[in-house]
Amino acid sequence: MSEDPDREAPDPRQRFNQDYAEGVVDVQERGGAEVPNYLENNLVKFIQVLRHLGIRVSSAEALEGLQAVELVDIMNRYEVKTALRATLVKDLDEIPIFDRAFDLFFVPEEKKTERIEVRTHKKAARAQQLKQAEDDLKFQGDKLTLSEEQRATYARLGDTQKQKLKDFLAQSSGGHKVDKSFQPMIENIVRGHLERWRRQMEAEFTVDDEDLTGDEELDEIIEQILAGTGEENDPILSEDMRNIPDKDIPKVTLIIKRLTRRLATRISRRYRMARKRQRVDLRRTIRSSIRYGGAPFALKYKSRRVQKPKILLICDVSGSMARYASFILQFIYGLSSVVRGIESFIFSENLERVTPYFETKRPFEETMAEVINHSVVWGKGTDLVTSLQTFRRQYKQLLSSDTILIIVSDTKTLAANEAAGILATMRRRVRDVIWLNTLPHNEWGGLGSVEAFRRNSEMFECYTLAHLERIMRRQMARRMTG
Amino acid sequence: MEFTIDWLRRAFEADGYISDEDIIVTVYLALRLGKPLLIEGAPGVGKTEIAKVLSRIFNTELIRLQAYEGLDENKALYEWNYQKQLLNIQAVKEDSQGQGAKDAKDAKDAKGAKPLGDLFSEDYLLERPLLKAIRAETTPVLLIDEVDKCDEEFEAFLFEVLSDFTVSVPELGTIAARQIPMVVLTSNSERELSDGLKRRCVYLHIDFPSVDKEIRIINAKVPETGPKLSEEIARAVNYIRFGLEIKKRPSIAETLDWARALLALDADRLTDSLVGKTANMLLKNKEDLDVLEAELEDRGVMSRVEELAKSAGGLAVGLKPGTTPGTMPGGRPAPNLPFASQIGGGPMAHITAAQIAGPQPGRAQPQQAPPGLTPSGSQRPRRGGSPMVPSPPRRGDPR
């Protein structure tokens with residue numbers, strides 16, 4: 001729209017816009033601190049923060065946000081916030097993130113400077129700690145070869161843990177007949193140690209550098225928000241199932257119910273949609289048109305039949321896996337309305353069929369308790385070969401081309417290669433083999449068993465409820481449309 | 001007609017719709033930007049009602065399209081009246097045959113024989129809600145209810161229509177809207193909506209009301225309840241909604257039904273036994289009722305409610321873990337002046353002392369923004385005030 005004729009001097013904002021439009025100013029240059037505090041500029045920065053926080057804001061939406069801000073009272077924080085929220089955020093889950101970002105981003109100038117100072121401080125401290133880590137972790141006076149991440153882990157350890165590591169190094173350095181050739185071994189031990197700590201701390205939170213923008217001011221906000229978002233969503237969803245305390249089990253049961261119900265409706269919608277792809281049934285159309293004297297008054301359609309898959313679940317219930325098994329069993333049974341049948345087995349030293357327990361309509365907790373009480377294999381060691389052989393001998397007829405075989409296990413079994421061989425023969429007789437591996441993905445690398453089984457199945461990392469939900473959603477959806 | 005947020009707020013109030021400030025601001029923006037308004041929220045929080053209120057306060061037609069699975073263009077946009085076309089063909093055919101026989105006798109009838117005419121003309125066009133909204137004489141309110149229920153293909157089609165409001169009917173040509181309808185879409189978030197649709201909409205999420213708001217709603221809709229009882233009802237409902245692990249949280253409509261039921265029982269205050277007796281007005285499935293019953297036996301609901309009310313210091317029980325931040329239970333907050341510099345309305349130096357000294361608590365008076373804050377320095381919002389923002393094509397005023 002045209003400018004107001006009665007405007008005396010072009011205001012700074014107008015000039016900025018003109019510069020921008022004419023390309024006088026390189027956009028890149030505007031990232032720096034010397035860019036004044038303009039509305040558009042701040043908005044663009046704010047949107048950048050949102051994007052780094054995982055909120056997808058398109059340029060069209062950004063423009064709309066600007067239009068919206070101009071429509072409300074710019075002096076009123078609440079209205080501006082509402083306006084931006086309505087135009088930039090389109091998802092309920094993203095609203096809390098937006099709100100925090102807004103509150104952190106739009107603050108008085110003094111606060112901003114203060115924040116940057118704190119951040120520079122923190123950064124310096126962090127560098128100092130890394131340096132310290134390097135100095136601390138020495139074997140016979142030589143620095144250990146550790147990754148940046150491992151050093152950072154060390155820096156974040158408590159003093160007692162640090163001391164323990166240092167003591168260990170000091171002791172081993174001075175050991176009898178210990179020379180330089182021991183260094184790789186010592187390094188491995190230290191790495192293993194740090195790795196374990198890192199995993200434990202990861203549950204708390206770390207920021208990936210990829211999430212950051214490089215702009216100090218924005219990064220500070222992003223870090224602050226990311227650090228807090230873990231608590232926003234239900235933490236149980238991203239908790240390792242093994243670590244869920246007993247007192248939370250009723251809550252988990254409820255969450256699983258909710259998740260599966262939602263997933264089941266979603267899947268059944270897919271069925272109906274797949275069935276809807278229909279074409280005209282000529283025979284029936286002509287037949288029904290006879291009564292109208294041959295005029296095809298109403299068209300008749302025929303639709304495709306969609307076959308629901310069967311699920312065959314084989315769950316590892318050896319000592320470390322038992323907790324996963326009970327959650328996953330519950331989850332899979334929550335989907336029973338959208339599959340044609342579920343056959344379930346548990347195994348450790350050998351295999352047991354548990355399907356009959358689940359056929360009665362009782363609360364899941366009771367059924368599960370009964371399974372555990374009656375099972376002779378619950379909590380024993382893992383022997384997948386014997387288990388699969390038992391399966392092949394007694395239940396071979398359950399394998400069919402519309403069955404999805406789901407195996408839940410951490411792959412740590414005796415004779416993995418042999419077991420993989422059996423799995424390969426089973427695979428030919430089913431539609432798909434999905435392997436839910438309860439080991440985190442980053443631990444797969446060193447394990448031969450993972451490699452062996454991976455060749456014969458689609459393997460997914462699955463140690464939290466969130467993983468489980470995502471895998472089942474994707475896999476089931478793919479099979480519906482495919 | 002131009003209108004302000006203030007006007008809209010008063011209009012909503014006059015219509016008896018008790019709302020939060022964010023609802024008003026968002027609705028206002030959607031209308032002013034000429035964008036569809038997408039409302040999400042649990043069932044029974046008043047999503048559909050917003051469209052109805054809009055149609056009443058702007059005194060215009062409400063065109064409703066109920067989405068469901070299998071809804072297709074034929075039922076949403078237009079359809080040729082197949083039966084009527086066939087009948088016409090049949091009639092013309094019979095006419096000409098009959099006439100052929102009588103031809104020699106009566107030449108007059110020959111003139112009466114109708115020609116077939118154009119079978120694809122307006123006469124045979126069945127208007128469905130979308131086309132109706134596009135061809136309406138005055139700006140209508142188009143309500144697309146439960147849009148999450150429709151299929152994804154239809155959703156894609158829908159956002160094409162919603163983005164330019166033209167429809168092309170191959171036989172008739174392209175029909176463009178005379179004016180952009182006020183579009184309201186509602187969704188129960190049963191399914192993720194596509195990004196495309198979301199991108200084209202202004203988004204509003206309505207949560208279950210705070211205790212304070214629910215009290216106001218009860219007082220507005222069932223005024224006989226009286227202040228004491230209505231507060232107790234609102235608190236109890238809030239507790240049942242968020243304090244108990246239930247499947248289906250009671251909606252506002254159910255709260256109101258409950259209030260009426262309690263009135264019918266001549267209750268003047270809420271007790272555990274009354275809650276137990278009337279619980280089926282609120283909870284509609286056995287498992288939830290069992291939960292409530294267990295709670296009543298266990299520690300009692302009302303004592304717990306009072307406890308919470310006390311600890312919350314009067315109004316607004318902070319029971320819900322994820323209450324939408326920014327929702328102001330107690331009306332709108334006072335304008336925050338230094339905020340102008342935070343959002344970047346220009347350097348602080350532009351704001352004169354007089355302006356700082358005179359913040360208006362209400363919105364009755366438009367605040368004088370410092371130069372450089374709004375495009376024209378005036379409160380009245382204009383479209384496309386700055387060259388950076390391409391002005392949207394003028395599609396007629398929302399009014």
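I started with chain B, where five strands make an open sheet with parallel pairing, in the order β2-β5-β8-β1-β9. Strands here are DSSP runs of E, at least two residues, and helices are runs of H or I, at least four, numbered from the N terminus. Two strands pair if DSSP finds at least two bridges between them.

This is a predicted model, so local features need pLDDT of at least 70 and side-chain atom pairs count only at 80 or more, while totals for chains, interfaces and linings use all residues. Residues are numbered from 1 along each chain as its sequence is written, and chains are lettered from A and ligands numbered from 1 in the order written.

Which strands stand at the edges? I found β2 (62–66) and β9 (202–206) of chain B there, each with a single partner strand, so one side of each has no neighbour in the sheet. I then looked at β1 (residues 37–41) of chain B, which runs parallel to β9(B) and is joined to it by five bridges. B:Gly41 sits opposite B:Ile206 in β9(B).

Next I turned to chain A, which has 19 helices and ten strands. I picked α6 (residues 109–136) and α7 (residues 148–156) of chain A, whose axes come within 9 Å and cross at roughly 100 degrees. Axes are lines fitted to C-alpha atoms, for helices over the stretch in contact, with angles from 0 to 180 degrees between N-to-C directions. α6(A) and α7(A) are therefore roughly perpendicular (65 to 115 degrees).

Key
Angles under 35 degrees count as roughly parallel, over 145 as roughly antiparallel, 65 to 115 as roughly perpendicular and the rest as oblique.
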